[in-house]
Number of protein chains: 2
Amino acid sequence: MPRVQIIEMSLRDGLQNEVTHLSVGQRFSLIKKLNDAGIRRMEIGAFVSPTWVPQMSESGKLIKKVLRAQKMRRLHKETHFSALVPNRKGLETALESGIKEIAVFGAASETFSQRNINCSISQSLKKFEEVIKEARANKIKVRGYLSTVFGCPYEGAVSQAKVIKLVEKYLAMGVYEISLGDTIGVATPKQVREILNKVLKMSNSSKIAMHFHDTRGTAIANILASLDLGIRKFDTSLGGLGGCPYAPGAAGNVATEDVVYMLHGMGYTTGLDLQKLIKTTQWMSRQVGRQLPSKLSLTGG
Amino acid sequence: MPRVQIIEMSLRDGLQNEVTHLSVGQRFSLIKKLNDAGIRRMEIGAFVSPTWVPQMSESGKLIKKVLRAQKMRRLHKETHFSALVPNRKGLETALESGIKEIAVFGAASETFSQRNINCSISQSLKKFEEVIKEARANKIKVRGYLSTVFGCPYEGAVSQAKVIKLVEKYLAMGVYEISLGDTIGVATPKQVREILNKVLKMSNSSKIAMHFHDTRGTAIANILASLDLGIRKFDTSLGGLGGCPYAPGAAGNVATEDVVYMLHGMGYTTGLDLQKLIKTTQWMSRQVGRQLPSKLSLTGG
């Protein structure tokens, strides 16, 4: 059976958009529960200013705790952790934490790039090039996020040609994988097929992950469209937690358990335990003090 | 551009599962708003016992009011209204109301048939045959619902061969269209493709409608799978209102506006005004006293 990889976003893209800030202890508990449900890839922090994103504060402390627990075999040895790194300063702290994978985050829309990461697209590429070079010299794997691929909250439509060019540049800079983000959840399957058909002409599908937000209810259909074209890596967030704090009206990532339900029903394997995921969502709902939007968790499993 | 037909379910499959009972006046207002948003097919009542389904009481009164309003051009002359009819007694009341289309409702699972309509599948077919014959003699069009096509809350899996045989029987009895229902929202696109590939071997796609509930978040992906196979008719419910009162844990039909958003984004035409649909959902949320689950309505349009 074909295998699909779930890259769990709740601890970064999820939590950074929650009003409730989780302590290092709570975040660690979530990591442990996700690990025990079979999650083998998760982004668990960001080395950004705590002034801008207080939810990600003490990411270094959390990562050290996680890596220690993994050494003591409290976490599976094959579980991979990553953290978002915006610049060289962030990379220094990341290196100090001992993490083995980082991610850089750019945009396909000029205005979104300016407002979200305070620089133009071309300036962001220069920064990433430096970070990637130094990271790889330190044997750190780098993942790339390209956001606003399907639309921008400020500019509206985004040029597909521009997206393709940027994917090419990210890959050329040495990211081992690029995650194409529908940051504001506007994509429909037609657009997904158009972009992926172009992207897959220049890249193997193993280097491409899709990252859908479910703002308008189309995320799961977009995942189906991607699966049909051979994509086997998806960024999802437990319970549908989170979103993007800089994109007006943006909802959370598509819910991990809803995606996994569909995947298992279609004969894909994920290595994940649905019942444990649902229980973790119920636990998570209590931590953030609101019912999370995943559908499956409402059925009680 | 290919055209897709939306058959609006909120007034029947939707309301029958709401705790709040809407008056004839409120239901008429909803019909008027849906009509003004471009909806041209809606099921607006059921001739069932008010003891069992009090939400559908005074369906006859509502239908008379609607047909009167249509005569006075307050409703579009091309808007088609239908009502659920369980038996000959129901048909008599339906005929008396002046409605020009009715629907019969059966199941593909024996236990669900017993518990939902109090008879075996073969008994239900006999009843439908009588109803359809008499309806057609009175120039009334008949739609058929086949429920639990993708799974049953009591029996679990449902035989695909049985489903295919039943579709054949319904069509042979003279329904002009059959709606295949995922009553408890368990279907995934693989199953949808399997069943539709078989169904479309014996029937033109114009006779097939798909009816998905979004219990596990897969409804919109199932619609995409159906669209890809040429299906152009979908039962949806404004705001995602409703469900099935006899199926434990069942959520509402997939939300009309979320489906329409995807359809328009993919280049399909529906004749519907998304902004008006969203406003109607916001109005509807106030009537039933809860936030309806559609995603698009939360964005504010």
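Q: Is B:C119 buried or exposed?

A: The model is predicted, and the accessible area is computed from its atoms. A residue counts as buried when its relative accessible area is under 20%. B:C119 has a relative accessible area of 6%, so this cysteine is buried.

Q: How many disulfides are there over all chains?

A: The general idea comes first. A disulfide is a covalent bond between the sulfur atoms of two cysteines. To count one here, the two sulfur atoms must be within 2.5 Å. By this rule, the count over all chains is zero. Take B:C119 as a case: the nearest cysteine sulfur belongs to B:C152 and is 14 Å away, and B:C119 is in no disulfide. In the other chain, A:C152 is buried, with a relative accessible area of 4%.

Q: How many residues of chain A are in contact with chain B?

A: In chain A, 24 residues are in contact with 24 residues of chain B. Area gives a second view of this interface. The two chains bury about 2,200 Å² between them, and 64% of that is on carbon and sulfur atoms. Within chain A, the residues that lose the most area to chain B are A:R216, A:Y261 and A:K295, which together make up 27% of what that side buries.

Q: How many salt bridges are there between chain A and chain B?

A: Look for a side-chain nitrogen of Lys or Arg within 4 Å of a carboxyl oxygen of Asp or Glu. Between chain A and chain B the count is four salt bridges. One of them joins A:D228 to B:R193, with the closest N and O atoms 2.6 Å apart.

Q: Which helix gives the most to the side of chain A that touches chain B?

A: Helix α9(A) gives the most, with five residues. At least two residues each come from α8 (189-202), α9 (219-228), α10 (256-265) and α12 (296-299) of chain A. Sorted by class, that side of chain A has 11 nonpolar, six polar and seven charged residues.

Q: Where is A:T148, a residue other than glycine with a positive phi?

A: A:T148 lies in the loop between β5 (141-147) and α7 (160-173) of chain A. Its phi is near 50 degrees. At 0% relative accessibility, A:T148 is buried.

Q: What is the phi of A:E58?

A: Phi of A:E58 is near 60 degrees, again a positive value in a residue other than glycine. A:E58 is in the loop between β2 (41-46) and α3 (59-71) of chain A. Its relative accessibility is 44%, so A:E58 counts as partly exposed.

Definitions and conventions
Residues numbered from 1 in each chain as written. Chains lettered and ligands numbered in written order. Predicted model: local features only at pLDDT ≥ 70, side-chain atom pairs only at ≥ 80, totals over all residues. Heavy atoms only, no water. Contact = heavy atoms within 4.5 Å. Buried area = accessible area lost by both parts, 1.4 Å probe. Helix = DSSP H or I, 4+ residues; strand = E, 2+ residues; numbered from the N terminus. Nonpolar A, V, L, I, M, F, W, Y, C, P; charged D, E, K, R; others polar. Buried < 20%, exposed > 50% of the residue type's maximum accessible area, 1.4 Å probe, protein only.
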